[in-house]
Amino acid sequence: MVTTDQNVPDITRVRQVPKTVKDSRSYTVFRVVNATVLVIVCGVTLYPFVNLIAKAFSSHGYIVAGQVNLWPRGFNTTTLMEVLTQDRFWTGYGNTIVHTVGGTAIAMALTTTMAYALAKKHLKGRSFFIGMVVVTMFFNGGLVPNYLLISGLGFKNTVWAIIIPNAISAFNLLVMKAFFENFPNDLEEAAAIDGMTVYGIFFRIVLPLSKAVVATMILFYAVAFWNSWFPAMLYLSDPELQPVTLYLRNLLAGATGAGREAGMEEVQIGANLQAVTMLLTVIPIVCVYPFVQKYFVSGVMLGSVKG
Amino acid sequence: MARGTGTVDTVPQTAGTPPGGADDVSADGPPPQQLRNTYTWARALRRDWRLYTFLILPVAYLIIFRYVPMAGNIVAFRRFRPGSSMFGDEWVGFYYIEMFISDPKFWDVFLNTIVLGTLTLVVVFPLPIVLALMLNELRSRRFKKIAQTITYLPHFMSIVIVAGFVYQLTALNGTVNQVITAVGADPVSFMQRDDWFRTIYVTSEIWQVVGFGTILYLAALTTIDDQLYEAARIDGANRWQQTWHITLPGIRPTIVVLLILNIGTFMAVGFEKVLLLYNPLTYASGDVIATYIYRVALNSGSFSYGAAIGLFEALIGLTLVLSANAIAKRTVGASLW
């Protein structure tokens, strides 16, 4: 069985210290301090989330008075209900899902096929094509030429402006290529002898046996599309097409008066409303995260193995 | 099957035998060695055409969406008018280059970029190493796992969410100001003060990237042989000496490679985050090259001028990563390629 974990070290492992070794007194002190600091680090990392939940369920008066920190005060769910019944919010959510699914599908189709072809070491022109990919890691056209290209193609205010231009990530492609290079030859050879073509081998042998790395790449792309907002701000001026991240950005910008750039009316928007929208935006990621975390970690480490 | 693999592997790969057997084991078999020089594109296409079909769309994609924009930088030397092609209308030479060189605003944002980039590099870059070393000293696998899960989480948050957290926490009624008033000082309107912008930017960067940044260091730490620690202990080295003489040298290649990558992106300071966090009141310290380009090109419509600055920025970035790589290769023998 081929898994992503084949070359990936276990970074949750802790060093085994023989029982016979006694820690010096100062090292014991260090360990206590170390553990305490780490607990504080975890607390600081989680605090914004805790504060967010507290603010989302507090009544406006307490927030304005600056009395909401760890727990909700003046418990209220009216803002939550308000947002949940707002069309604008659900439109954004729907668009985010469309962008994520569409973008990831296109990106995966291009990335897996290219990675598979480039993993074949005998392929003539291989190093040229690899070079073509690597260059994009260190040099890109820049904001203005990209903007002019996308507008010139007539992608503005279409979903294509979001899901096509970010299709191939050089990093993801090189990770997949390195993975396919280590794919056992025997399997592919046996299939070839049985009369399978490259297409058959790729779709019926290689892909099904590469589920772990494919899942990792899907997650990498999906998170990037889910979180993206800037391309939407550049190319989607029609509110009906905007993702929820952009909706949230406009809320934040409106609240601070920087919203003029986005061409939105200047309104003082309650911290409560912001908090509810933020909460609803992060919930899917926070819920899925614990289950998929290991794929990200192994993906990052696979990427560090030089292709 | 094993025997078959053995023979295939002994043929040099340049001779054109697919190591994977691919589609042609049945077609025409491995070409004799002496044909290596005559292994032409015609032959390559005939035997591997199915593989090449896999490349058509991705390569077309790369050309259109990566290489055409690179060529599109030509607009920096041509005048762009609304409605003209993306490459501009007519040659104006170095008009736009001279324009930004004599633009005092440009040098302000250039300086801001360097300050913010340096701060990020100096403050944020070493922290994942420290955190990884701290995690490495834990002896409870459970605690280590929980700490890792929690500290990786911010990496997955959209920058918009991070900005939202910043606004919530630094608001006049937010937690930070509550602490400030609790100790008797006056509340600070952080987001409106340009002297606070850099602190806020770097702090939010720490919150988001430090945890996830430990992964590669932790991976490098697992490759250090436990016997080295054993030997050092027998020689009487204490924990601190073990860290200094075994652990740090063990992860040095990783540190160097990541440092090069960071230097390469030095000029590209979190553009999207700055865009979300700054406002006209904090331009004095927050405005960076990328945001200036954004305003010049997309708000004022001076696309050629924006492209000229963008080209300049990209060339600096490329120079930085190439020279950092060369220096690393010469001094510590670790490099990206």
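In chain B, residues 24 or more positions apart make up 61% of the contacts with a separation of 6 or more, a contact being heavy atoms within 4.5 Å. The model is predicted, so to speak of local features takes a pLDDT of at least 70, side-chain atom pairs count only at pLDDT 80 or more, and totals for chains, interfaces and linings use all residues. Residues are numbered from 1 along each chain as its sequence is written, chains are lettered from A and ligands numbered from 1 in the order in which they are written, and side-chain values use heavy atoms, with hydrogens and water left out.

Chain B comes to 15 helices and 2 strands; these are DSSP runs numbered from the N terminus, with helices (H or I) of at least four residues and strands (E) of at least two. Of its 337 residues, 51% count as buried. Here buried stands for under 20% relative accessible area, exposed for over 50%, and partly exposed for what lies in between, with a 1.4 Å probe and protein chains only. The UniProt record, an unreviewed entry, puts the feature "transmembrane region" at several stretches of chain B, including residues 146–167 and 305–328; positions follow the numbering used here, feature names are shortened, and annotations may be inferred rather than shown by experiment. Over residues 305–328 of chain B, the figures are 100% helix and 0% strand, and the end C-alpha atoms are 35 Å apart.

Next up is helix 11 of chain B. At 1.5 Å a residue, its 26 residues (239–264) should span 38 Å, and the 35 Å between its end C-alpha atoms agrees with that; the expected span is 1.5 Å times one less than the number of residues.

Buried residues of helix 11 include Arg239(B), Thr243(B), Ile246(B) and Leu258(B). Among the elements covering them are helix 1 (25–56) of chain A and helix 15 (303–331) of chain B. Gln242(B), also in helix 11 of chain B, counts as buried at 2% relative accessibility. Neighbours within four places in sequence aside, Gln242(B) touches Tyr229(B), Ala232(B), Arg233(B), Ala237(B) and Thr247(B).

Then there are the aromatic rings. Over all chains, 48 aromatic pairs are found; rings of Phe, Tyr and Trp (its six-membered ring) pair if their centres lie within 6.5 Å, and planes under 30 degrees apart count as stacked, over 60 as edge-to-face and the rest as tilted. Tyr199(A) and Phe54(B) have ring centres 5.7 Å apart and planes at 55 degrees, so this pair is tilted. The pair crosses between chains, from helix 10 (residues 198–209) of chain A to helix 2 (residues 41–72) of chain B. Tyr199(A) is partly exposed at 28% relative accessible area, while Phe54(B) is buried at 7%.

Phe106(B) and Phe312(B) also have centres 5.7 Å apart, but with planes at 70 degrees, so they are edge-to-face. This pair links distant parts of the chain, 206 residues apart: Phe106(B) sits in helix 4 (residues 104–124) and Phe312(B) in helix 15. Phe106(B) is buried at 0%, and Phe312(B) is partly exposed at 25%.
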